[in-house]
Amino acid sequence: MLKLPIYLDHNATTPCDPRVVEAMVPYFTNAFGNAASRNHPFGWQAEEAVDYAREQVARLIGADPKEIIFTSGATEGDNLAIKGVYEMYASKGNHIITCNIEHKAVLDTCRNLEKEGAEITYLDVKPNGLIDLAALEAAIKPTTILIAIMYANNEIGTVMPMREISAIARKHGVLVFTDGVQAVGKIPVDVNKDGIDLMAFTAHKMYGPKGVGALYVRRKNPRVKVTAQIDGGGHERGMRSGTLNVPGIVGFGKACEICLQEMESDAKRISQLRDKLENALLKVEESYLNGDKESRLPHVTNISFKYVEGEGLMMGFNKNIALSSGSACTSASLEPSYVLKALGLGDDLAHSSLRFGLGRFTTEEQIDYTIEHVTNTVNKLREMSPLWEMFKDGIDLNTIEWAHH
Amino acid sequence: MAYSEKVIDHYQNPKNVGTLDKGKNNVGTGLVGAPECGDVMRLQIEVDEATGIIRDAKFKTFGCGSAIASSSLATEWLKGKSVDEAVKIDNMTIVEELNLPPVKIHCSVLAEDAIKAAINDYRKKNGLEELQFEESPVH
């Protein structure tokens, strides 16, 4: 029996894997020590658990455990990396290069730094959502200290050419930071092969708990340093003070271990389901795939259904299928997704988009249900859409003088 | 954000979806909104020429659930009213009836604008002066 509602919003968050929860439980009650208590068994036990988790996390990304700084999540990691590098390398320069489809945690951090004197270049992406490498190289100047480009995009799932990006950065002696939230645990990420100097990622996008994440900070070739953004007891090699979230970190470690073991088989199975869903939905008339079809995550597809509005569309099934739309139809924000607009999509297509994010526990039965109900709702709403009627009558919508409000 | 039951009901069972013959003199059509803004409403009325009563009303809407519900409700209210009564339909009564939250008030404004645009189209076709309306403050 199919259990409803179906969860297809795994880019927002993932459920904890039961194996992760099982690993965490003892650290709430019996093994509750503070990992910084150096003088008694409770502290030693907690510290040991954190050290083990640090190894599990490091192994997933090919790092040394000493290069892992535990944080509260990726927003903190993004802030610490960008602000920390900006402050630490102030004598070298003040220029940072990023792109316009980054997560708000990166974009808003950059905007904030602009107020403090930073010069930020926001690169446009190509219509397929990928960075233009020539434009990236052309943007580098003597004052450039950091390139901050996401590993994979949260809305369209496109995977950036990290190795090419870091090769350019190396050539010019610029550090590379990447927001790895959507990629780590889903596709192979190796900080050495990929040439990454700093990377933020988080547990809750890979079947771990919320409220815990990590910042990878390279220790060799080159040795990277960031200025701490939270002052206190000097935890995490002085880069991030604050009592460690031991149960969360234990769960994060377990989640990383499972991802390392199962990533390949998960990705294969999930991408087959994603392709089934995508192929069926792209058979619907006037539906379009957003973002590059090749260079992307295995579990994501973002599709626009022209002539229907995303929020109205979701209302047709959101009691039973949880997913996300690029449309925000409120008087406070009539702007559709800035990511889709950055790809050059017209507002009409951006308003008509749905993001499907599959996961470890997604079944074929759920996908079949989703295909049926999304297709039916699109058809039903098109029967109600004046734009669909005009399209069917051969009227060019661009020739109409709309009353903008 | 949760929708009210009335919005859900109109969304699931919209009243009066359809198209009236634009070519007829007693049919008025209002098309408001813009695709870029995420909502477009087309509302039509058919007036009984002998009595001045709105005999039929139809809509088609591209937009969120609240926009669909607002236009569906508007067509319900229009039927049986005289054109002069119809022009008095206020967006706030739609807000109250559908229990729209503040962020969705613009949907009701759009419905009111669609009604007025349809009436003016009807008046124009029949040689009557178009009514002047004050700019709605919510836009």
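This is a predicted model: local features need pLDDT of at least 70, side-chain atom pairs count only at pLDDT 80 or more; totals for chains, interfaces and linings use all residues.

In chain B, the axes of helix H2 (residues 65–78) and helix H5 (residues 105–125) come within 8 Å and cross at roughly 40°. H2(B) and H5(B) are therefore oblique to each other. The crossing in which H2(B) passes H5(B) is right-handed. On the H2(B) side, the contact is made by B:Ser66, B:Ala67, B:Ser70, B:Ser71, B:Ala74 and B:Leu78. On the H5(B) side, it is made by B:Cys107, B:Ser108, B:Leu110, B:Ala111, B:Ala114 and B:Ile115. Sorted by class, this contact of H2(B) with H5(B) has eight nonpolar residues, four polar ones and no charged ones.

H2(B) also meets another helix. Its axis and that of helix H4 (residues 91–98) of chain B come within 10 Å and cross at roughly 110°. An angle from 65 to 115 degrees counts as roughly perpendicular, and H2(B) and H4(B) are therefore roughly perpendicular to each other. H2(B) contributes B:Ala69, B:Ser70, B:Leu73 and B:Ala74 to this contact, and H4(B) contributes B:Ile94, B:Glu97 and B:Leu98. By class, the contact of H2(B) with H4(B) has five nonpolar residues, one polar and one charged.

Along the sequence, the elements of chain B follow the pattern α-β-β-β-α-α-α-α. The radius of gyration of chain B is 14 Å, close to the 14 Å that the globule rule gives for 139 residues, so chain B is as compact as a globular protein of that length. Its C-alpha trace spans about 45 × 30 × 25 Å along the principal axes. Of the 139 residues in chain B, 48% are buried. Among contacts in chain B between residues at least 6 apart in sequence, 64% join residues at least 24 apart.

Chain A can be described in the same terms. It has 12 helices and 13 strands. Its radius of gyration is 22 Å, close to the 22 Å from the globule rule for 405 residues, so chain A is as compact as a globular protein of that length. The C-alpha atoms of chain A fill a box of roughly 75 × 55 × 35 Å along the principal axes. Buried residues make up 52% of the 405 residues in chain A. Among contacts in chain A between residues at least 6 apart in sequence, 73% join residues at least 24 apart.

How many residues of chain A are in contact with chain B? There are 27 such residues in chain A, and they touch 27 residues of chain B. On the side of chain A that touches chain B, the elements giving two or more residues are helix H8 (310–315), helix H10 (347–351) and helix H12 (386–392) of chain A. The residues on that side of chain A divide into 13 nonpolar, eight polar and six charged.

A:Ala169 is in helix H6 (residues 162–171) of chain A. Is A:Ala169 buried or exposed? It has 24 C-beta neighbours inside 10 Å and therefore counts as buried, since the cut-off for burial is 20 or more. Apart from its neighbours within four places in sequence, A:Ala169 is in contact with A:Ile147, A:Val174, A:Leu175 and A:Val176.

The last stop is the backbone. Most residues other than glycine have a negative phi, and most peptide bonds are trans. A cis peptide bond joins A:Leu4 and A:Pro5, with omega about -5°. A:Pro5 lies in the segment before strand E1 (6–7) of chain A. Another cis peptide bond joins A:Asn221 and A:Pro222, also with omega about -5°. A:Pro222 is in the loop between strand E8 (213–217) and helix H7 (246–282) of chain A. A:Asn221 is in the loop between E8 and H7 as well, and its phi is positive, near 50°. With 9 C-beta neighbours inside 10 Å, A:Asn221 counts as exposed. A:Tyr307 also has a positive phi, of about 75°, although it is not a glycine. A:Tyr307 is in the loop between strand E10 (300–305) and H8 of chain A, and it is buried, with 25 other C-beta atoms within 10 Å.

Notes:
Residues are numbered from 1 along each chain as its sequence is written. Chains are lettered from A and ligands numbered from 1 in the order in which they are written. Axes are lines fitted to C-alpha atoms, for helices over the stretch in contact, and angles run from 0 to 180 degrees between N-to-C directions. Helices (H or I, at least four residues) and strands (E, at least two) are DSSP runs, numbered from the N terminus. Angles under 35 degrees count as roughly parallel, over 145 as roughly antiparallel, 65 to 115 as roughly perpendicular and the rest as oblique. A crossing is left-handed if the near helix is turned anticlockwise from the far one by less than a right angle, and right-handed if clockwise. Two residues are in contact if their C-beta atoms, placed from the backbone, lie within 7 Å. Ala, Val, Leu, Ile, Met, Phe, Trp, Tyr, Cys and Pro count as nonpolar, Asp, Glu, Lys and Arg as charged, and the others, Gly among them, as polar. The radius of gyration is taken over C-alpha atoms; the globule rule is 2.2 Å times the number of residues to the power 0.38. A residue is buried if 20 or more other C-beta atoms lie within 10 Å of its own, exposed if 12 or fewer, and partly exposed in between; C-beta atoms are placed from the backbone.
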